[in-house]
Amino acid sequence: MRAALLKTTFTFMKNLLLIALCFAFAKAYSQQPSSQPGNVIKDFGKTFDVPEPDFKTDTEAQFYIVFDVAKAPEDPSVRNPYIETMARFLNMHDKAGVPKENMHIRAAIHGKAAYGVLTNELYKEKYGVDNPNIALLEALNDAGVELILCGQTAGSRNITSARRLEMIDVALSAMTVLSQSQMSGYSLIAF
């Protein structure tokens, strides 16, 4: 009888330990890091905290960055994540301690991404949904990001000044923006 009691107690303790381990793993999974809004562009470009990076951010550097933005999501009701990357760049570097005035960002917008700069009326006419990029583009513009549309793309897709958002500038081409920016010390980020 004593052996049966010991066996039952052992089984009970083993099951209790398994349950405790399951709860511990569940708690660990439930505490996965979540992305947080930034300070530069609050509504867009959420980032994750990286408390102890091995590669340290030079918080005194002047960041001159040109983004090559040519892609867009297949679903026209979805905000363009390639445009939103600029908001993430600003927010994560601000959180890391880089002053906003040390970040000089511009975008060469071309290809399929160009339709994201259409006015809401024309975007809705083309796709049947509101332009999900407008508030993001406005926030980037307010943060000092230069938003430059390729003139060749604009011509081939009939994106005239009357058909695009007011904050969007135009260049001869995306190639012009990308090459001149790099000749002026901008680093290229392309996807």
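Student: Which residue forms a salt bridge with R106?

Tutor: That partner is E146, and the closest N and O atoms of R106 and E146 are 3.1 Å apart; a salt bridge here is a side-chain nitrogen of Lys or Arg within 4 Å of a carboxyl oxygen of Asp or Glu. The model is predicted, so local features need pLDDT of at least 70 and side-chain atom pairs count only at pLDDT 80 or more, while totals for chains, interfaces and linings use all residues. Residues are numbered from 1 along each chain as its sequence is written, and side-chain values use heavy atoms, with hydrogens and water left out.

Student: Where do R106 and E146 sit in the chain?

Tutor: R106 is in strand β2 and E146 in strand β3 (residues 146-150), 40 residues apart, so the pair links distant parts of the chain; helices (H or I, at least four residues) and strands (E, at least two) are DSSP runs, numbered from the N terminus.

Student: Is R106 buried or exposed?

Tutor: R106 counts as buried at 16% relative accessibility, whereas E146 is partly exposed at 32%; buried means under 20% relative accessible area, exposed over 50%, and partly exposed in between, with a 1.4 Å probe and protein chains only.

Student: What ring does the charged end of R106 sit over?

Tutor: It is the ring of Y186, with the charged end of R106 4.1 Å from the ring centre; for such a contact, NZ of Lys or CZ of Arg must be within 6 Å of the ring centre and within 35 degrees of the ring normal.

Student: OK, switching to aromatics: how many pairs are there?

Tutor: A search of the whole structure finds six aromatic pairs, where rings of Phe, Tyr and Trp (its six-membered ring) pair if their centres lie within 6.5 Å, and planes under 30 degrees apart count as stacked, over 60 as edge-to-face and the rest as tilted. One of them joins Y115 and Y127, whose ring centres are 6.3 Å apart with planes at 80°, so this pair is edge-to-face.

Student: And why is the pair of Y123 and Y127 tilted?

Tutor: Their planes lie at 50°, with the ring centres 4.7 Å apart, so the pair counts as tilted. Y123 and Y127 are four residues apart in helix α3, and therefore separated by about one helical turn.

Student: Which residue lies over the face of Y115?

Tutor: K126 does, at 4.3 Å from the ring centre, and Y115 itself is buried, with a relative accessible area of 16%.
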